[in-house]
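User: I've got a model open and I'd like to know what the labels on it rest on. Can you walk me through it?

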Amino acid sequence: KPPRRPRRRRRSPPRRGLWQRGVRLRRRGAMLRTRQPPQQAWQPCAPTLRNALRYVPAALHATLGPEFLDELRTRGRIYGYRYRPRGALRGRPLHEYNGRCVEGKALQVMLENNLDFDVALYPYELVTYGETGQVLQNWMQYRLVKRYLERMEDTHTLVLLSGHPLGLFRTTRAAPRLVSTNGLMVGAYDTAADFKRACALGVANYGQMTAGGLCYIGPAGIVHGTYITVLNAARKFLGVPPDADLAGVLYVSSGLGGMSGAQPKAVEIARGIGVIAEVDESRIAQRARQGWVSRTTSDLAQVFAWVHEAREARAATSIAYHGNVVDLLAYAVEHDERIDLLSDQTSCHAAYEGGYTPVGLAHADAVALLATDAAAYRERVDASLRRHIGLVDQLVAKGTHFWDYGNSFLKAVFDAGVSDIAVGGDARRGFRYASYVESLMGPLCFDRGYGPFRWGCLSGS
């Protein structure tokens, strides 16, 4: 064969697009927060810049180096915003993608669905859900992964390591088309502090469960599992018959984000009453616009007036309370309001990184405090969690049934200094409140080989 012509190197980086109005930007340094700018704390700038610049031609390093350094200083991470395609990304019908095999095109659908403005929590920072769950680390990785998927054949396997494409390898038709890992750390360095450092350096990624796995289904997909959970909770704890719905049953929780946004719709489908607290007004507006919640208010008296009305009529309804769930629970305790089922879906796995907003602070004020004084923010979070679990205990003593929804709420409470939340004061032995897997979905569904299934529609119809 004749020698391959050398590929022409790009002489200039792509033009940077404009921010689209109304799309949330990730708060500064959501994975890395210190009281000083990152480069003055434990994060060395040089390795971080090298790790980002390895994705672009050497001829562009002098141009992009200062820009990437500015991102690092102002955003806490290097995202490579310039390399994000212009406009909105969305999972399009399969036939609209370039590719050499169905799987390569299908993976592009899944990749871009995770980055859709209407799906992702912080789409410009590649965060799909859970405050920190990223699809990839930066937009240079996105472009490389897209190119590999377009060239993928049905005897290829693409290997991703925390978003970094190791390469497209020749395998067999029986092998997977994609092998992806996220967040793997060497044992001696498998600590929260070292993992955050690795993320900031650009060598590790927190992919949550389905952000980095490219299979996020959002509230539309998770609503089935949430419906089953709430329905089975009522059957187990309240004695609701198997052939009955949740008429008159009140479920209270918090969070209207990516996964938690399914809660109000799931309760309505079960014909119950759902009250979900959310501090971020933009998330409430999004869920209301999408039809996932029926009523919204910031008035607690109005919340429970609607609850009483629905109970009396045995009607299904969902209410988004714009405020902190701690205030909601305090009101219920003070006014002796009956709550049948209680849980929490805030992002407590990242409680100190913006996943849990402390009571007494408006959302914008909490964001500002986190950016300027992370230590003070942490103290406010701990105090809020201690008050939060105290109110839960009071409601449970009155007959409420509470469970942990797998969001690390009880572990966050333990970390906040409430040692008696753990069995024998040891978190490794479990907690005095069960999780939804232990008490509901496990024995009633998963142990029997039954549960919600995950599938993707590639036709776009």
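User: Which residues touch the most other members of the largest nonpolar core?

Analyst: Leu329 and Ile389, out of 48 residues in that core. This is a predicted model, where local features need pLDDT of at least 70, side-chain atom pairs count only at pLDDT 80 or more, and totals for chains, interfaces and linings use all residues. Residues are numbered from 1 along each chain as its sequence is written, and side-chain values use heavy atoms, leaving out hydrogens and water.

User: What makes a set of residues a nonpolar core?

Analyst: Its members are buried Ala, Val, Leu, Ile, Met, Phe, Trp, Tyr and Cys residues joined through side-chain atoms within 4.5 Å, with buried meaning under 20% relative accessible area (1.4 Å probe, protein chains only). Here α10 gives the largest share, eight residues. Apart from this core lies another of 30 residues, including Leu49 and Tyr83.

User: What does isoleucine 389 touch?

Analyst: Skipping residues up to four places away in sequence, isoleucine 389 touches Phe409, Leu410, Val413, Val418, Ile421 and Tyr433; contact means heavy atoms within 4.5 Å.

User: How do you know that β3 and β4 pair?

Analyst: Pairing takes at least two bridges found by DSSP, and strands are DSSP runs (E, at least two residues) numbered from the N terminus. β3 and β4 have six bridges, in the antiparallel sense, so they count as paired.

User: Why are β4 and β5 at the edges?

Analyst: The open sheet runs β4-β3-β5. β4 and β5 each have a single partner strand, so one side of each lacks a neighbour in the sheet.

How values were computed
Helix = DSSP H or I, 4+ residues; strand = E, 2+ residues; numbered from the N terminus. Buried < 20%, exposed > 50% of the residue type's maximum accessible area, 1.4 Å probe, protein only.
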